[in-house]
Amino acid sequence: MLDHIITGVRWLLAVTRAASALFLITSVGINFVNIIGRYFFSVSIPWAEEIMLFLMVGCVFTGCCAVAWEGRQIRMDVVVAILPARLRDLIEILSELVMIAAAAAVTVFAWPVVTQLAAFDQRSQAANFPLYIPQAMVPIGYCLMGLLVAIRLLMRSRRGSQNRAEPVH
């Protein structure tokens, strides 16, 4: 069972990393074309800045999945690092639970906004792009991040219980 979960996580991370890379490369490409057009042909792409912003939102909220899985998010852990191991583990678990709760809250509260944007067919000004697409990246990214942290936390607890069950020689 654990092998299937790990396989699923690896697949999800591969997809989110590829999506993040694609968003970033596309943004850089649009920026490059816009710079060439502006400085060599005196013509700029009117929608470029807006679409690049949407692509960066997609890049961040798909890229955060890998960061959450690896536990490499920004943390203020200077004090935690000097604590005894048991207390440090407890605080790290509490931190993971707070992260899962925050991800769930953002997902729950952001999703109605996304559905309303889609229902009202709200579009961006310059590119006439549907706003629900970049806005959906926020709850989707947070939902996946919370899921991955929860899986990592469950795997940590399984490893801990297996280590306690093994006899010490």
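Guide: Val-9 is located in helix α1; helices here are DSSP runs of H or I with at least four residues, strands are runs of E with at least two, and both are numbered from the N terminus. The model is a predicted one, in which local features need pLDDT of at least 70 and side-chain atom pairs count only at pLDDT 80 or more, while totals for chains, interfaces and linings use all residues. Residues are numbered from 1 along each chain as its sequence is written, and side-chain values use heavy atoms, with hydrogens and water left out.

With a relative accessible area of 4%, Val-9 is buried. The term buried means under 20% relative accessible area, exposed means over 50%, and partly exposed lies in between, with a 1.4 Å probe and protein chains only. Neighbours within four places in sequence aside, Val-9 is in contact with Trp-69, Leu-148 and Ile-151, where contact means heavy atoms within 4.5 Å. The C-alpha atom of Val-9 is also 9.8 Å from that of Arg-152, although 143 residues separate the two along the chain.

Helix α1 comprises residues 2–40, and Asn-34 has its place there as well. Asn-34 is buried, at a relative accessible area of 1%. Apart from residues up to four places away in sequence, Asn-34 touches Ser-44, Ile-45, Ala-48 and Glu-49.

The loop between α1 and α2 contains Ser-42. This serine has a positive phi of about 55 degrees although it is not a glycine, and Ser-42 counts as exposed at 67% relative accessibility. Asn-128 likewise has a positive phi of about 55 degrees without being a glycine. Asn-128 belongs to the loop between α4 (85–119) and α5, and at 47% relative accessibility Asn-128 counts as partly exposed.

A search of the whole structure finds 2 aromatic pairs. One of them is formed by Phe-61 and Tyr-142, with 5.8 Å from centre to centre and 40 degrees between the planes, which makes the pair tilted. Rings of Phe, Tyr and Trp (its six-membered ring) pair if their centres lie within 6.5 Å; planes under 30 degrees apart count as stacked, over 60 as edge-to-face and the rest as tilted. Because Phe-61 lies in helix α2 (residues 48–70) and Tyr-142 in helix α5 (residues 132–165), the pair ties together parts that are 81 residues apart in sequence. Phe-61 is buried, with a relative accessible area of 18%, whereas Tyr-142 counts as partly exposed at 26%.

These details belong to a protein with 5 helices and 0 strands, whose elements run α-α-α-α-α from the N terminus on. Among contacts between residues at least 6 apart in sequence, 74% join residues at least 24 apart. Buried residues make up 30% of the 169 residues. The C-alpha atoms fill a box of roughly 75 × 35 × 35 Å along the principal axes. The protein has a radius of gyration of 21 Å, whereas a compact globule of 169 residues would have one near 15 Å; the radius is taken over C-alpha atoms, and the globule rule is 2.2 Å times the number of residues to the power 0.38.
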